[in-house]
Amino acid sequence: MIELDRGAALEAIAVEVRACTNCRLHETRTLAVPGEGSPETEVVFVGEGPGYNEDRQGRPFVGRAGALLERFLMTLGWQREDVFITNIVKCRPPDNRDPEPDEVAACAPYLRRQLEILDPALVVTLGRHSLGRFMPGERISGAHGTVRPVDPTTGAANALAFALYHPAAALRAPEIERTSYQDVARIPAALLQARARREAATTTAPAPSSAAEDVVTAAIPADAPDIRDLPEVPVAPDAAIDAAIDAAPHLALLATSEAGAADDQLTLF
Ligand code: SF4
């Protein structure tokens with residue numbers, strides 16, 4: 001799908017979301033928040049639901065948590081326009097309460113359709129409800145900074161999920177904020193893993209034939225788990241990603257720099 005088509009398809013969903021009355025959250029919202037970002041991105045960030053500022057502006061992650069998310073992205077040399085940012089529920093739960101299961105279920109088709117259009121390589125979960133969708137059964141305390149294969153029924157046909165604490169949690173606890181910066185530094189290696197996994201699923205010839213494939217090969221050491229086993233055998237993500245960062249000097253530099261020089265950044269497609 002070309003960018004124009006993807007953008008138009010995403011906007012069509014956004015129009016539906018803004019008029020949606022499929023659950024009780026429409027009664028108390030100011031504006032629905034469909035999500036926004038690059039239609040061509042490889043990386044989709046999924047939070048839980050809009051907060052006070054998002055509800056008033058109709059845009060995701062525009063309050064203090066959004067500012068922190070943008071700082072996280074800046075450490076990778078990325079801007080929010082480079083990725084797509086959305087939520088599990090598109091309307092603000094009153095008083096920022098957790099969304100109810102029936103509200104999550106009512107809203108689920110919108111996210112599924114967005115992911116079908118975007119076809120991301122990497123889905124970054126922000127917080128508990130998003131984690132539950134893409135890494136069911138996991139707890140954020142153990143899963144943060146790690147990857148799992150995504151169930152294609154979520155709409156992401158061939159993606160890895162990468163878990164982050166919700167930025168709002170990082171704002172409340174300096175230790176979680178420090179941990180989150182360390183986790184964010186692992187996103188480029190996770191994206192390389194995701195790209196390689198997609199490549200393995202679409203090519204029959206294992207030998208790399210382009211500069212981009214060389215980068216992927218360089219980032220994954222020979223003794224790392226075979227990425228083609230990912231669907232059947234969950235990876236040991238911490239070890240695999242740490243090894244990938246150690247094996248790729250440009251990623252190690254990226255992981256420790258604030259903004260990073262342009263040449264050292266992993267470019268999003
Ligand atoms: S939360 Fe989702 S399902 Fe509920 S009214 Fe908003 S858009 Fe519709």
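Trainee: Quick one to start. What covers the buried residues of α8?
Mentor: The cover includes α3 (64-75), β6 (160-164), α7 (167-172) and α9 (187-202). Keep in mind that this is a predicted model.

Trainee: Which residues of α8 are the buried ones?
Mentor: Helix α8 spans residues 174-184, and its buried residues are Ser 180, Asp 183 and Val 184. They sit on the same side of α8, because they cover an arc of only 90° around the axis.

Trainee: And which residues are exposed on the other side of α8?
Mentor: Pro 174, Glu 175, Arg 178 and Gln 182.

Trainee: Let's zoom out. How many helices and strands are in the protein chain?
Mentor: The chain has 12 helices and six strands. It runs to 269 residues, and 46% of them count as buried.

Trainee: In what order do the strands sit in the sheet?
Mentor: The order is β1-β3-β2-β4-β6-β5. The sheet is open, with mixed pairing. At the edges are β1 (36-37) and β5 (147-149), and each pairs on one side only.

Trainee: Remind me, what holds paired strands together?
Mentor: Backbone hydrogen bonds, in either a parallel or an antiparallel arrangement.

Trainee: What about β2 and β3, parallel or antiparallel?
Mentor: Parallel, over four bridges. Strand β2 covers residues 43-47. Its Val 44 stands opposite Phe 84 in β3. So Phe 84 faces Gly 37 as well as Val 44, given that strands of a sheet pair through backbone hydrogen bonds.

Trainee: Which way do the β3 residues point?
Mentor: Phe 84 and Thr 86 point one way, Ile 85 and Asn 87 the other. All are buried. In a regular strand, side chains alternate between the two faces of the sheet.

Trainee: Switching to the core. Which residues have the most contacts inside the largest nonpolar core?
Mentor: Leu 122, Val 123, Ala 161 and Phe 162. That core has 62 residues.

Trainee: What is Phe 162 in contact with, leaving aside neighbours within four places in sequence?
Mentor: Leu 122, Val 124, Val 147, Ile 187 and Ala 190.

Trainee: Where is Val 124 found?
Mentor: In strand β4, residues 122-126.

Trainee: Why does Val 124 count as buried?
Mentor: Because it has 27 C-beta neighbours inside 10 Å; the cut-off for buried is 20 or more. Beyond its neighbours within four places, Val 124 is in contact with Val 43, Phe 45, Phe 162, Leu 164 and Ile 187.

Trainee: How much of the contact set in the chain links residues 24 or more positions apart?
Mentor: 72% of the contacts with a separation of 6 or more.

Trainee: Last topic, the ligand. Which residues come nearest?
Mentor: Cys 20, Cys 23, His 26, Cys 91 and Cys 107, out of 14 residues around the ligand.

Trainee: Which element gives the largest share of that shell?
Mentor: Helix α4, residues 101-118, with three residues.

Trainee: How many of the shell residues are nonpolar, polar and charged?
Mentor: Nine are nonpolar, three polar and two charged.

Conventions
Residues numbered from 1 in each chain as written. Predicted model: local features only at pLDDT ≥ 70, side-chain atom pairs only at ≥ 80, totals over all residues. Near = placed C-beta within 6 Å. Helix = DSSP H or I, 4+ residues; strand = E, 2+ residues; numbered from the N terminus. Nonpolar A, V, L, I, M, F, W, Y, C, P; charged D, E, K, R; others polar. Buried ≥ 20, exposed ≤ 12 C-beta atoms within 10 Å, placed from the backbone. Arc of directions from axis to C-beta. Contact = placed C-beta atoms within 7 Å. Pairing = 2+ DSSP bridges. Core = buried A, V, L, I, M, F, W, Y, C linked by C-beta atoms within 7 Å.
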